[in-house]
Amino acid sequence: MSDRNSIGVGIIGTGFARTTQLPAWAACEGARVVAVASGRRENAESAAREFDIPFVAADWREVVDREDVHLLSIVTPPVTHAEMARAALDAGKAVLCEKPLAMNAAETGAMLRAARERGALALVDHELRFLPARRLMRELILGGELGAVRHAKFLFRADSRAAADRAWNWWSDERAGGGALGAIGSHAVDALHWMLGAGVSHVSCLLATHVAERRDPASGEARAVTADEEAGLLLNFAGGGVVERATGVVSISMVEAGAPEHTVEVFGTEGALRIDGAGRLWRARVGEGEWRRVEAEAAPLAEGLRDNEWSRGFTVFAREIVASLREGRTEVEGAATFEDGHRTQLVLDAARAAHASGCRVAVSGE
């Protein structure tokens, strides 16, 4: 891919891709979306008209097979990720995959091995890593600004699934990879791994589903919700670096009313750092009793995107991916790789095992 004038992007999926990825790719110099696929062809056709995409398919394999597709972006339910990513890697494509990387660590492990064998660019879409305030927070933590890290907190609150009349979809289906633990818990684990430079060693977990049934729009009948809408995790981190017998709390709910909240807080012997959903960074020192704002650069926002942290993060991430591919590189500095996605999946698998057993579970090292 070295010295390509333009990187051809193939997109599978038209949900998050349409609201975030497609506008960002359209605004990205040196890239063009050349193909889009959706299980519902009419959705792909609509996206193609809106973003001037020349090729449309109902079968994702047609996108993978195209010679003008250099990067495949997988923006589909997690149950489909492993097959699509493996096919793309076998076809010599670079891959960007939505999180969670797959359904379980057996799948992510196979995906990681395939990426290593091909020597390919294989990334997970943890776009929040590219927000300048988050990067500054990580730099300060790993640089010893907080002293030894003792504790971390991740809080995500929304009411997007609180209404009982919201229709059933794949997000309601555990077998499709739906649920708060996978969708948001993957962000939580990746953020904490990345910011602390340490892995989770043990986890306890409680999952809950509060709306037992939702109407299936296809049949009109009530259908059981099998995926979690709430997840609470207690973590222990492996020592090393700035981490000293650190613990963690992750609280995720998609059914809590009130103002949405998304914060990461890290506490050490000398003070604390906090990042909020607006991308603002705060610092507190031991004994001061208050948070003080830390100025950080704002991330750019591609035209046509809603102004939120996900959109700004992906605006930067897309540019970095294209720059790497045009220069023939197989990595993007600071991006989450398939190896990171596998490490996160090991924690998610342990969390599910902890919920099922009611016991604290050690995270596998494999």
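I looked up E83 first. At 48% relative accessibility, E83 is partly exposed (buried is under 20% relative accessible area, exposed is over 50%, partly exposed is in between, with a 1.4 Å probe and protein chains only). This is a predicted model, where local features need pLDDT of at least 70, side-chain atom pairs count only at pLDDT 80 or more, and totals for chains, interfaces and linings use all residues. Residues are numbered from 1 along each chain as its sequence is written, and side-chain values use heavy atoms, without hydrogens and water.

Next I looked for the partner of E83. I found a salt bridge to R61, 3.0 Å from N to O (a side-chain nitrogen of Lys or Arg within 4 Å of a carboxyl oxygen of Asp or Glu). E83 lies in helix α4 and R61 in helix α3, so the pair ties together parts 22 residues apart in sequence (helices are DSSP runs of H or I, at least four residues, and strands are runs of E, at least two, numbered from the N terminus). R61 is partly exposed too, at 39%.

Then I turned to R129. Is R129 buried or exposed? R129 is buried, at 6%. I noted a salt bridge from R129 to D190, 2.8 Å from N to O. D190 sits in helix α7 and R129 in the loop between β6 and α6, 61 residues apart. D190 is buried, at 4%.

R129 also meets D340 in a salt bridge, at 3.8 Å. D340 is in helix α9, so this pair ties together parts 211 residues apart in sequence. D340 is buried as well.

Last, I checked the total. The structure holds 26 salt bridges. I also logged a network of them linking R157, E256, E261, E265 and R274.
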